[in-house]
Amino acid sequence: MRFSLYTGLLLFVAVLQAKDQRPNIVFLLSDDQALRTMGCYGAPGVQTPNLDRLGADGMIFDAHYDTTAICMASRANVMTGMFEYKTGCNFDHGAMLRTRWAQSYPMLLRKAGYKTGFAGKFGIVVADKPATKGKLPEMDFDEWGGGPGQTSYATARNASMRAYAEKWPHSTLSYGAFAQDFIREMATGAKGDVPFCLSISFKAPHHPVQPDPKFDKIYAGKKFPKPENYGRDAGKHFSKQSTMGRQYERFASWNYDKDYDGVMAKYHQQIYAIDVAVGMIRDALNAHGVADNTVIIYTSDNGFLCGSHGYGSKVLPYEEASHVPLLMFDPRHPNSGKRLRCASLTGNVDFAPTMLELAGLPVPKNMDGRSLVKLYNNPKAETHQSLPLINVWGPKAAHSFAVVTKDWKYIYWPYAEGKLKAADELYHLTQDRSELHNVISDSDAKEALKAMRQTYDTAVTQWKKETVPYHGYSKYGIIFDRKIKWPAKRKAFLGDRKK
């Protein structure tokens, strides 16, 4: 009897020692969420208690950018840790190739023993060869609640989520429920010894505007103060190229000019539902005893202009479209709970290397991102000195390339057909975060302009060296080169056809 008890104790200790101690990871991605939409980012009168609590428990990042501010390309950035010209993936260009997808964080974590789950708007497809039709990689996840294209706010219309439709008819909360079920399953039974990575991509607050009616009273009759850069008068100094896309007309067609309070009420109502879903997820982590070993990251795939400068939508390299929220909480870390903020420049390419480092895995050399762990250890540290802001989607006249640092932003607009001339813009972000003053011609900014143009030229050189040779990305090495005249660019951009 004594021998069997001793043997049992040894076996119990062995089991404890064998349990995987790597942290679980929950990655939460909203869609089209502007920076100024949460209490922890200074948004007046909004209700985001769960997100604010997440920021207070962890760390808030104040200089986080999406290196491409549009859904498909941004999600490819997030998954692979690479800039768009290396993923080769965006609307109007093409799918992600399987060779690239094989090096994404879901694939690398699963290969390393993590259980993986995904629910929501996946946003990309994976193909075997360039210029071929791709498909969702749903078989590459242990649990799948994802959908193609934009998905639907009606849960019943999302095939992989229909089981949640009766109780959670609006998709935002259905993803919270999916997360709860995934966490419960992973935390119980034999799977409780294996770490998990759960990725939830909310459709909200993306158009069409269909907020959950359950929360209609939250912002009913609410007035929203307009930012100092609201309206067309605050965008007269922008390049003419920036007005060529749908972002310009949507200031009026989406009623920012006529019903700002009404538009913003519904926009924030959609974000409120995300906040509720985040609360559901954190409740599940606590209920199943895994909260203390689960890292949570929250961000958005791009921002939203919301009437700033007289524009709507996203895509453009301006602050409201490219500068987005980022919250990270590691409950194991001594810096958690100290209400710390980080001013270091970070980008959406940083998530894949962050998750790999958290899992104790090497970061592939092809990744452009830098792990956020260094900054969580020391929020005064720095990783990136600059990041590119890319737009090669939509009308060619609106295509742009920019570089941003903690203090400055330089934007180059190459299109010079017809009455348009190539243009560039320079903003001193530490003094003018609202981008109300293009200081490209100011004598006081001469040295900064020189430095930012050098940073820009280096980024173009990197594009030329590292771009994928397919899906039309190589030509932008010429198009974005400031030293090449328009006739040569025109041939690369438009071929021999007229405008």
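Guide: Angles under 35 degrees count as roughly parallel, over 145 as roughly antiparallel, 65 to 115 as roughly perpendicular, and the rest as oblique. They run from 0 to 180 degrees between N-to-C directions, and axes are lines fitted to C-alpha atoms, for helices over the stretch in contact. The model is predicted, with local features needing pLDDT of at least 70 and side-chain atom pairs pLDDT 80 or more, while totals for chains, interfaces and linings use all residues. Residues are numbered from 1 along each chain as its sequence is written, and side-chain values use heavy atoms, leaving out hydrogens and water.

Visitor: Are α7 and α9 roughly parallel or roughly antiparallel to each other?

Guide: Helices (H or I, at least four residues) and strands (E, at least two) are DSSP runs, numbered from the N terminus. Helix α7 covers residues 171–187, and its axis lies 8 Å from that of α9, at an angle of about 10°. The two helices are therefore roughly parallel.

Visitor: How many residues of the contact of α7 with α9 are charged?

Guide: Contact means heavy atoms within 4.5 Å. Here α7 contributes residues including Leu173, Ala177 and Ile183, and α9 contributes others, among them Ile274, Ala277 and Met280. Ala, Val, Leu, Ile, Met, Phe, Trp, Tyr, Cys and Pro count as nonpolar, Asp, Glu, Lys and Arg as charged, and the others, Gly among them, as polar. The residues of this contact divide into 12 nonpolar and three polar, and the number of charged ones is none.

Visitor: How many of the five residues of strand β14 are buried?

Guide: Buried means under 20% relative accessible area, exposed over 50%, and partly exposed in between (1.4 Å probe, protein chains only). In a regular strand the side chains alternate between the two faces of the sheet. In β14, Ser400, Ala402 and Val404 are buried on one side, and Phe401 and Val403 on the other. The strand is largely enclosed by the rest of the structure because its buried residues number five of the five.

Visitor: Which residue in β15 is the bridge partner of phenylalanine 401?

Guide: Two strands pair if DSSP finds at least two bridges between them. Strand β13 runs antiparallel to β14 with five bridges, and leucine 389 stands opposite alanine 402. On to β15 (residues 408–413), four bridges join it to β14, also antiparallel, and the two form a hairpin with three residues between them. The partner of phenylalanine 401 in β15 is tyrosine 412.

Visitor: Is arginine 341 buried or partly exposed?

Guide: Arginine 341 meets aspartate 62 in a salt bridge of 2.9 Å, N to O. The pair links distant parts of the chain, 279 residues apart, with arginine 341 in strand β11. Aspartate 62 has a relative accessible area of 26%, so it is partly exposed. At 38%, arginine 341 is likewise partly exposed.

Notes
Salt bridge = Lys/Arg side-chain N within 4 Å of Asp/Glu carboxyl O.
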